[in-house]
Amino acid sequence: MSFSDQSKIRSMILTNLTRANEIGANSYLLDFGADGRVVLDAGMHPRSEGSGGLPQLERLRFDSVGTILVSHAHHDHTGALPLLMRDHPRARVFMSEATYFLAEPLLHNSVQVMLKQKAEKGIAEYPLFTHRELDQLVKVWQACGLEREWSLNGYPDPGNEPLTFRFHDAGHILGSVGTALTHRGRTIFYTGDVNFADQTLMRAAEFPREKIDVLITETTRGAQPKPEGFTREAVVERMALAMEETFAKGGAVLMPVFAMGKTQELLAQLHFLQKSRRLPQTPIYIGGLGRSFSEIYDRLAGRTRRKYPKLNLLDDIAPQVMDGRRTRDFTAKKGHIYLISSGMMTEHTLSNIFAQEFLAHDRHSIFFVGYCDPESPAGLLRATKPGDSVTLNAAYGAQPVRCRVEYFDFTAHAQREDLLRYILEVKPRVCVLVHGDPPALAWFQQELAVQAPGMKVVIPAPGEAIEL
Ligand SMILES: [Zn+2]
Ligand SMILES: [Zn+2]
């Protein structure tokens, strides 16, 4: 076989299926020709509504994808999975064991949300998929163990396959993985969402550091420098102090959090602060969906790389569960902590509804602890100066911000400096930058141009196909 035939066999075309260079609906096609067509993730945009929130799945010919690999159960990576599966009925779907358990209730909740929005906003195309369809589709999913080679047929430890994959713990939320695809001796590695530092429950990522030819990496925090002397312990201490001050004024604390990941991390952290008497033993509230995911965290505690495998979130911490019926006559009580979704305070979610009460009183606090889209209600509130007004829900109009609003960086994403160090250590031939807003992408691009001049750095435009 001639050299040109060889390189043709080993070539791969990456198509960015997102609709914009941002943290939206993640999905990427890797086309290895006759060796396989693989889609990495199929997310839904956290803010856009209707089919505009989907990746560009229409670019994929019907029944043309053989393999779907899911990095983790967050909505921006799995929200469109049922639609991708509908278009590719023979595709096999692989994920980690924890993602297998977390993604199903997440998607059923997504159907609920779409049905509600259909009624409230008259979005005719909702729901984009149904509970019944989902029940059928999940039967195809296969959970695959980490740090083990898998064939595209779902067999472990395959022999001489041209294309195989392997999952590595990404340290972001329970079940999150980075995915290494080995194709005829070359390795393509997709980070998914990654964290290189320990959180309260999750341990830092364990990623491969050599022999990666093409690296596809998230860039979430590219525009946020790591503050001088940043430690997680210092953030915990600052939050505990701010909570004490709030309680001393007779106030309560609202923390808008994602139901999956952040809720469990914060529950554990607050539990340790209460146990060590750093905080009083006051009630902690979580939402119904947060409770469902906490149950899965508890069920898998002994089978994952989680810290404190014996800590049972629901039994040991015993958070109170807030359901929809309790929202009508809601008043925040002194010393109570509300870990309530959504993290971005999307309209009609509990955190948005509760915020009305918090905003109106200077004794209360709203604390943010993670990423939020700058244009989401949470993003707008974070950017509002005390005393200025903010519109969290069009129906209520602009409201003055009287409560204390603060941000505590309990990130589940790698600091940009840590991620850059990882890229430089791996030294891929090609580095593909995804999952970041334009300033975040630009920072990585500039740093790599200076620190790794030989590396080909690519920011694929939405819909763009690139031969690698
Ligand atoms: Zn994520
Ligand atoms: Zn993400």
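Predicted model: local features only at pLDDT ≥ 70, side-chain atom pairs only at ≥ 80, totals over all residues.

Student: Where do His 72 and His 172 lie?

Tutor: His 72 is in the loop between S4 and H2, while His 172 is in the loop between S8 and strand S9 (177-183), so the pair ties together parts that are 100 residues apart in sequence.

Student: Are these two histidines buried or exposed?

Tutor: Compare the relative accessibility with the cut-off: under 20% means buried. His 72 has 0%, so His 72 counts as buried. His 172 has 2%, so His 172 counts as buried too.

Student: And which residues hold the zinc ion (ligand 2)?

Tutor: Its coordinating residues are Asp 76 (OD), His 77 (NE2), Asp 193 (OD) and His 435 (NE2), at 2.2 to 2.3 Å. Here the spacing along the chain is D-H-x115-D-x241-H. His 77 belongs to helix H2 (residues 75-78) and His 435 to the loop between strand S20 (430-434) and helix H13 (438-451), so this pair ties together parts 358 residues apart in sequence. Both His 77 and His 435 are buried.

Student: How far apart are the two zinc ions, and which residue coordinates both?

Tutor: The two ions are 3.5 Å apart, and Asp 193 coordinates both.

Student: Now for salt bridges. How many are there?

Tutor: For a salt bridge, look for a side-chain nitrogen of Lys or Arg within 4 Å of a carboxyl oxygen of Asp or Glu. The count by this rule is 25. One of them joins Arg 19 and Glu 58, whose closest N and O atoms are 3.4 Å apart. This pair links distant parts of the chain: Arg 19 is in the loop between strand S1 (13-16) and strand S2 (28-31), and Glu 58 is in the loop between strand S3 (37-40) and strand S4 (67-69), 39 residues apart. Arg 19 is partly exposed at 38% relative accessible area, and Glu 58 is exposed at 55%.

Student: Where is there a salt bridge with a buried partner?

Tutor: Look at Arg 305 and Asp 169, where the closest N and O atoms are 2.9 Å apart. Arg 305 sits in the loop between helix H8 (288-299) and helix H9 (313-317), and Asp 169 in strand S8 (residues 163-169), 136 residues apart. Asp 169 has 13% relative accessibility, so Asp 169 counts as buried, whereas Arg 305, at 29%, is partly exposed. Salt bridges can also form a network, as with Arg 238, Glu 245, Arg 404 and Glu 406.

Student: How do I find empty space?

Tutor: Rolling a probe the size of a water molecule over the atoms shows where empty space is left. A search of the whole structure finds one cavity of 30 Å³ or more. The largest cavity has a volume of about 60 Å³. Its lining includes Asn 16, Tyr 28, His 435 and Pro 460. That lining divides into six nonpolar residues, five polar and one charged.

Student: What lines the second largest pocket?

Tutor: This pocket holds about 360 Å³ of space. It is lined by 22 residues, and the closest to its centre are Asp 198, Gln 199, Thr 231, Arg 232 and Glu 233. Helix H6 (232-248) and helix H7 (262-275) each supply at least two lining residues, and the largest share, three residues, comes from H6. By type, the lining has seven nonpolar, eight polar and seven charged residues.

Key:
Residues numbered from 1 in each chain as written. Chains lettered and ligands numbered in written order. Heavy atoms only, no water. Donors = N, O, S within 2.8 Å, 3.2 Å for Na, K, Ca; no water. Helix = DSSP H or I, 4+ residues; strand = E, 2+ residues; numbered from the N terminus. Buried < 20%, exposed > 50% of the residue type's maximum accessible area, 1.4 Å probe, protein only. 1 Å grid on protein atoms, 1.4 Å probe; cavity = no way out; pocket = protein on both sides within 12 Å on 5 of 7 lines; lining within 4 Å. Points joined across faces, edges and corners; volume = space filled by probe spheres on them. Nonpolar A, V, L, I, M, F, W, Y, C, P; charged D, E, K, R; others polar.
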